[in-house]
Structure formats: structure tokens, C-alpha cells
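Please read the numbered points alongside the sequence and the model.

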Amino acid sequence: MTPMLTVEDLAISFATRTGRFEAVRGVSFTLGRERLGIVGESGSGKSLTGRAIMGLTPPSADVTARRLAFDGIDLLTAPPAQRRALRGARLSMVLQDPKYSLDPVMSIGRQIVETLRTHERVSRREARERALDMLAAVQIENPARVFDLYPHEVSGGMGQRAMIAMMLIANPELLIADEPTSALDVTVQLEVLGILDRLVTDRGMGLIFISHDLRLVSSFCDRVLVMYAGRVVEEIAAAELAHARHPYTRGLLACVPVPGHDRHPLPVLDRRPEWRL
Amino acid sequence: MTDAVPALSLAGVNVAYDGYRALADVSLNVAAGEAFGLVGESGSGKSTLLRAIAGLAPVTAGTLRVEGETLTGQRRGRAFHARVQMVFQDPYGSLHPRHTIDRQLLEPLAIHGVDATSPRILRALDEVGLGAGFRFRYPHQLSGGQRQRVAIARALILEPAILLLDEPTSALDASVQAEVLNLLEQVRAERGLTYVLVSHDLGVVTHMCDRLAVMHGGRIVEELPADDLVAGRIGTDYTRKLMVASAGFRRGSDGHGHADE
């Protein structure tokens, strides 16, 4: 079976005053219809990797790869029009904070309908009905009311559900979720993750789940890539996390305070220069 | 709990913004030298409680006492700030972007008319694990963890007795969080400080605190020792729900937390 997404030797760099800054260095992985987690600290290159697949890196970024292909389409040589057609329709991305990623001056319903009508020829009435169905699918209790609300009128959890609804309305094959619940309360977090999990499973989508939270990612994904300083330092099946080999992965797991584990002081990461190599 | 005068004492405190009650009849005692945690969802009033103590929220009823002295009105004098300092969540927002670290640390000293500022600044930097090399840098030249260390140094430089910590590590990476939590514990052990720590992370709160209060809708729904929370000796459903939520995602649980693995 050919994988849906192939990433080979992806590198992203920026020109700075003091020379080139290599934010992502030689990342390779393939993705089928599965849930892949990418974990790392801020600055590890995890979000940039996701954005490069979407084609949403800033213009100043220099993206190269031996191969970056989605369903046989070479993304790096694809013309902008083709990438736009892919984005939103077959590839979708949920961002961290609905406060910033939703359009503040457009009602939630209109934003969802706009996404759908950009990618499919459907009548207004049908678009509205599908948007309402989608809002119901993300467990919004009163879709008709939320349809007409503006983003500032809903809570963070509701906004993130609307965001997920918008990203899934065109039935994408691959969803990239970049810290989709980090801006939410713990109790709301689980609801949103539960919704995301069910939709991904039911629709047979591929998912790339990007997060700084190793435990959360491993409870949600089948496979986890651990990134450090722009490189993948370890790839591990989520179930095998307890047997992680790389000291960085082990350090990340150990440094989180867990109720019931009294460790004073907490173990901290001893960052070794060779991890950067 | 104790015969001694509590470091912090709140009785029937209400905070209202335009009629919206952010805090409703909150009563609380924190003993001197204790680390006390406040947990709850956003909007539960846990940050408002800290802000009410610091004079940053409009208290409409109730009494607040710090080391036995009643606070009146919203203005807090110099004497208060010499005893009570606050560390905020976002080190990006709480440091002046165009002041050097030296100037950020100098300001409280200047306000309080402290002499011999230079050695104190160096000592404060050293205490939070930043060398003298950081003294003349700007906040944008520091990482998030380093900035939070500066914020802690600024809070400690007046040698207060009570630190109000509002989500001090939630903007930081897990590995950096561990470093900052260790720093906070070490400083507390050395100086015998009283902490009131707000966090949505039960792991952080139970790690740092002896006792904690669970807040919901502007009220304290439960007050209990951290060990009881860990052991599951919980009195209210809401606390139990928080506990389950913080344990992480379980497939098939629909977010309601009943494991079916």
C-alpha cells in the first residue's frame, strides 16, 4: 500500500543576519490512514513541519525536501492553484487558538459555508444544511443558534469545535491538528479530543497531531515522532512509550509532575549538545 | 488550623465586575510558610482571588487580611508590596519589552528607596539561576523560561514573605516548567516563603502545595490537603471530574473519563 503522505529529508531554513537558521533538518516519515503524533518543545520545528505540508510556511522560509508528496502529488513543485485546491478540501489544519484562527467579523455559520462552497459546488441551502449537520457532529447542542453567532460570542471550547467543523466539512483525507486543545481547559480539552478522535476514526482520515504534551499525544496517537532542534530524535509506537530509548524522550516523560509521584526536586533535562547533531 | 496569625486571611470576599460576580463569599486562611494551591477551570475565579489580594480587582464585600492587618480599598501601599509580590502567567506580557533586565529589577528597588542596588540585582539574578551576563539584556533576547526567572527575581528582590503565583509555568514547555518549579521550591525552602499558587494543572498543584482549594463559578467548592486529592479522598463531584480530566485522554471515553480499555 502506498502511503498517503511521504516526507523525505524535509529541511526548512530562514536567512537571518547571522547566517542561515535551520529550523527543520532532514525530517522523514510516511503516513497512511493512521494517527501520527509529533511532539517537541517550542522551537523544535514541529509546527513548521505541519505548515510545510499544508504549504503555509512564511514566504521567508526556504523549504526543501527530497520528496514531499501527498497522494502522488509532488507538493513542492505543484503550482499555487493546485495547492490551494488541495488545502481545505483534501488537507486541513486545526490551529491552537480559535480566538485567532476564526474570522472575527464573520458569523461562524458563514465561515463554514464559505469553506464548503470554495471547494464544492453546492447550493446555498444545501451548504447551510451541511454546515448545521457538521456543527451537530461536533456536539454543539443548538447548531442553528451557533450558526449565527460570531466567534467572540462563543467560549473557547465552542470556538474550537466550530473550527474543527469548518476543517472537516469538505471531508479532507488528512487533518493536521497543531496544538488543538492547548488553549482550552482540561475538562473541555477531553471533550474536544473525544470529538476529534471519533470523527477521524469514523471518516478514516489520516491525522497528524502536533503537541508539546508527550503524554497526551501518546494517549491519542498510534505512533509518535519526537523532535528536538529540528530533527526527529526518536520514532516510537505510542504503546511502547514507557520503553523510549532516547534520553530526550525519557527526560520529557520524567519531568512532568504527576499527582501521587512525590519527586522533589523534579528531574530536569540535561540537554546534551550531541542531541543537536 | 493554627493559633498563629495566618499569612493571608479572607472572609466573605466578593468581587463584582458590573454586576457580574467573579468571586462569591470566598473565605480562606493560608498559614505562614504554607504552600496553598487554587485549582479550577478558566472563569472559576482563581486568578480573580489573587488579583483581589493584590488590589487588582474590585472587592465589593468582605475583609482581606495580610499577616493580621486588614486591607482597605483597592490601593495597596508600599508596605504591602514589600510583603506580598505576584508572578504572572505570561512572562512575555509581564516584562517591559524596552527595558533591560537590570532596569526591570531596579524599578522595585527604586520605588522602595533601597540602597546598594547593584549587588542586590546581581544576587537576585544569581538566585534564580541567571548569571550576571543576563543583566543588560532585553526580554526579547531571553527564552520563555529565562523570562519567567526574571519575573521571579523581580518578585523576590524586595524579599517579600508571600508570593502570589498565577499560573507561573503554564506558558512554558514541560522541561522548562520542571526547572522553574524546582526553583520556586528551592527559594521557598531557603526563605520560608508563603505561596498561593494558581494552576489548572493538578499535577503542578499537588507537587508544589500542602493544601488546596477547588474553585468553580466564583466559589470555593472544596478545600482539602493535597495528599487527600492524590489518594482520591474527594468530597465533591466537581473535584472528581477535574481529577479525571487531568488524568488524560482515554479512547472511547467521549471525554467523560470512564475508561474502557
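1. Tyr228(A) has Arg231(A) as its bridge partner in β11(A). The coordinates discussed here and below belong to a predicted model. In total, six bridges connect β10(A), residues 223-228, with β11(A), and the two strands run antiparallel.

2. The link between these two strands deserves attention. β10(A) and β11(A) make a hairpin in which two residues lie between the strands. Ala229(A) belongs to the loop between β10 and β11 of chain A, and its phi is near 50°, a positive value in a residue other than glycine. Most residues other than glycine have a negative phi. Is Ala229(A) buried or exposed? Ala229(A) counts as buried because 20 other C-beta atoms lie within 10 Å, and the threshold for that class is 20 or more.

3. Four bridges join β3(A), residues 35-39, to β10(A), and here the strands run parallel. Val224(A) in β10(A) stands opposite Gly37(A). β10(A) is mostly covered, with five of its six residues buried.

4. Chain A holds an open sheet of six strands in the order β7-β8-β9-β3-β10-β11, with mixed pairing. Its edge strands are β7(A), residues 91-94, and β11(A), residues 231-237, each of which pairs on one side only. From one strand to the next, the twist averages 20°. As background, strands of a sheet pair through backbone hydrogen bonds, either parallel or antiparallel.

5. Helix α7(A), residues 156-168, lies across β7(A) and β8(A), the latter covering residues 174-178. The helix runs at about 175° to β7(A).

6. Glu179(A), in the loop between β8 and α8 of chain A, has a positive phi near 50° although the residue is not glycine. Glu179(A) is classed as partly exposed because it has 19 C-beta neighbours inside 10 Å. Elsewhere, a cis peptide bond with omega of about -10° joins His264(A) and Pro265(A). Pro265(A) is placed in the segment after α10(A), residues 247-254. Most peptide bonds are trans.

7. Chain B may be considered as a whole. It contains 10 helices and 10 strands. Its radius of gyration is 19 Å, close to the 18 Å given by the globule rule for 261 residues, so chain B is as compact as a globular protein of that length. The C-alpha trace of chain B spans about 60 × 45 × 40 Å along its principal axes. Of the 261 residues in chain B, 44% are buried. Among contacts in chain B between residues at least 6 apart in sequence, 67% join residues at least 24 apart.

8. Which elements of chain B give two or more residues to the side that touches chain A? Across the two chains, 30 residues of chain B are in contact with 29 residues of chain A. The elements in question are α7 (174-191), α8 (202-208), α9 (226-231) and α10 (237-246) of chain B. The largest share, seven residues, comes from α7(B). By class, the side of chain B that touches chain A consists of 10 nonpolar, 12 polar and eight charged residues.

Definitions and conventions:
Residues are numbered from 1 along each chain as its sequence is written. Chains are lettered from A and ligands numbered from 1 in the order in which they are written. This is a predicted model: local features need pLDDT of at least 70, side-chain atom pairs count only at pLDDT 80 or more; totals for chains, interfaces and linings use all residues. Two strands pair if DSSP finds at least two bridges between them. Axes are lines fitted to C-alpha atoms, for helices over the stretch in contact, and angles run from 0 to 180 degrees between N-to-C directions. Two residues are in contact if their C-beta atoms, placed from the backbone, lie within 7 Å. The radius of gyration is taken over C-alpha atoms; the globule rule is 2.2 Å times the number of residues to the power 0.38. A residue is buried if 20 or more other C-beta atoms lie within 10 Å of its own, exposed if 12 or fewer, and partly exposed in between; C-beta atoms are placed from the backbone. Ala, Val, Leu, Ile, Met, Phe, Trp, Tyr, Cys and Pro count as nonpolar, Asp, Glu, Lys and Arg as charged, and the others, Gly among them, as polar.
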